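Subject: Structure handover

Hello,

Here is the structure I said I would pass on. My notes on it follow below.

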Amino acid sequence: MASAPASHRVTAGAPWSPLPRGGFRALTDSAPASLRFSVARRRASRLEVKAAGNIFGDYFQVATYGESHGGGVGCVISGCPPRIPLTEEDMQADLDRRRPGQSRITTPRKETDTCKILSGTYEGLTTGTPIHVFVPNTDQRGGDYTEMAKAYRPSHADLTYDLKYGVRSVQGGGRSSARETIGRVAAGALAKKILKLKSGVEILAFVSKVHQVVLPDDAVDYETVTLDQIESNICRCPDPEYAEKMIAAIDKVRTDGNSIGGVVTCIARNVPRGLGTPVFDKLEALLAKAMLSLPASKGFEIGSGFAGTDLTGSEHNDEFYMDEAGNVRTRTNRSGGVQGGISNGETIYFKVAFKPTATIGKKQNTVTRDHQDIELRTRGRHDPCVVPRAVPMVETMAALVLMDQLMAHSAQCEMFPLNLALQEPVGSTNSTPVLAPDLA
């Protein structure tokens, strides 16, 4: 028999022993305890799933947790810069805009959604460590979901959760409930505050369509619309005339036990130039992913969107010019503030489409978990139209994307002096000046 190669030989009493397959070796019991390892444990560790689908962002990371009828919901924010003023009140304002029971056109579930910051701050300032935000659930009605424990709601996540996991949280829909977005909105409020402090970024969203009531594009000036105008009515449409039409449309389906969808338009002003990266992490791609992660979202378009396909290149192109301050600007903004996947300094604007709420009070044909055809009439408290409450959620996801990309841009492109002939520093007017090479 041929002898083993020298590299594979093991002498008697040596601590190494051969391991089948792949030429790996393990330490035997005769090796010092500090050097031993378990092959089985190493193999098992490769099968770990690390919070799949529950974390958003790379630099400003947000992990949400909790379910509709559990003990509570919340988030853990990692990567927040230190020394940012932060209290519960900073988050509560947006949580109040998102909470249920705020008007007759939203779900009647009564929750105060009062948040508590459990870690990551000291004497009103962020410490740079993870920030834990918790909101308790206080108005659960598990009995409303008896029928849904046996049958699948049409167009809801009931079936697909069973198909994927083989088990699901029936009451309130579990993680598929829009109540999951509480953690996002809390984190988004912090992101919006930092963006405002650093660069003067302002993010506003409003309802631009409910069912067949469509707000004309020229009815709102994206450069001047205010939060007060948006919040002046329960539909969150800045045009009072169209707001009344939208409210009437929601009222009609609400009393009929039905639901309708709509569109939320979002704008981001004063966004620094240079956010986003080419190819896979284009800014519009990241925004699209963020928006389509929201419950009931079904479509996304930025700038001219699908309507841009009706134009020629000469009609669609945004021509450049020099403004009075010596900045390169565009005369039009069909690009929506993003070109080549990177922000160009113009106002970013996009639209998000939301489907009609899946859970309705009308009878519908469906099947049971044991595959029997039945008729289902659901109970529970649900929004007849999600878009009025989706407004702060859309703002939140935009803020989380821009905050993450601001940190990514600073980490990559501002480590060394900028080329001031072409670049400008990210931040407010009182930012520390940067040096540039002599380009003469």
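**The second largest pocket**

Strand S15 (328-330) and strand S18 (348-354) each contribute at least two residues to the lining of the second largest pocket. Strands (E, at least two residues) and helices (H or I, at least four) are DSSP runs, numbered from the N terminus. This is a predicted model, in which local features need pLDDT of at least 70 and side-chain atom pairs count only at pLDDT 80 or more, while totals for chains, interfaces and linings use all residues. Residues are numbered from 1 along each chain as its sequence is written, and side-chain values use heavy atoms, with hydrogens and water left out.

The volume of this pocket is about 850 Å³. A pocket is an open set of points on a 1 Å grid over the protein atoms alone where a 1.4 Å probe fits, with protein on both sides within 12 Å along at least five of seven lines; lining residues have an atom within 4 Å of a point. The volume is the space filled by probe spheres set on the points. Of the 31 lining residues, Glu-223, Asn-333, Gly-345, Glu-346 and Thr-347 are the closest to the centre. The lining has 8 nonpolar, 11 polar and 12 charged residues. Here Ala, Val, Leu, Ile, Met, Phe, Trp, Tyr, Cys and Pro count as nonpolar, Asp, Glu, Lys and Arg as charged, and the others, Gly among them, as polar.

**Helix H9 and its contacts**

Helix H7 (residues 283-292) packs on helix H9 (residues 387-413) at an angle of about 140°, with the axes 9 Å apart. Axes are lines fitted to C-alpha atoms over the stretch in contact, and angles run from 0 to 180 degrees between N-to-C directions. H7 and H9 are therefore oblique to each other (angles under 35 degrees count as roughly parallel, over 145 as roughly antiparallel, 65 to 115 as roughly perpendicular and the rest as oblique).

Regards
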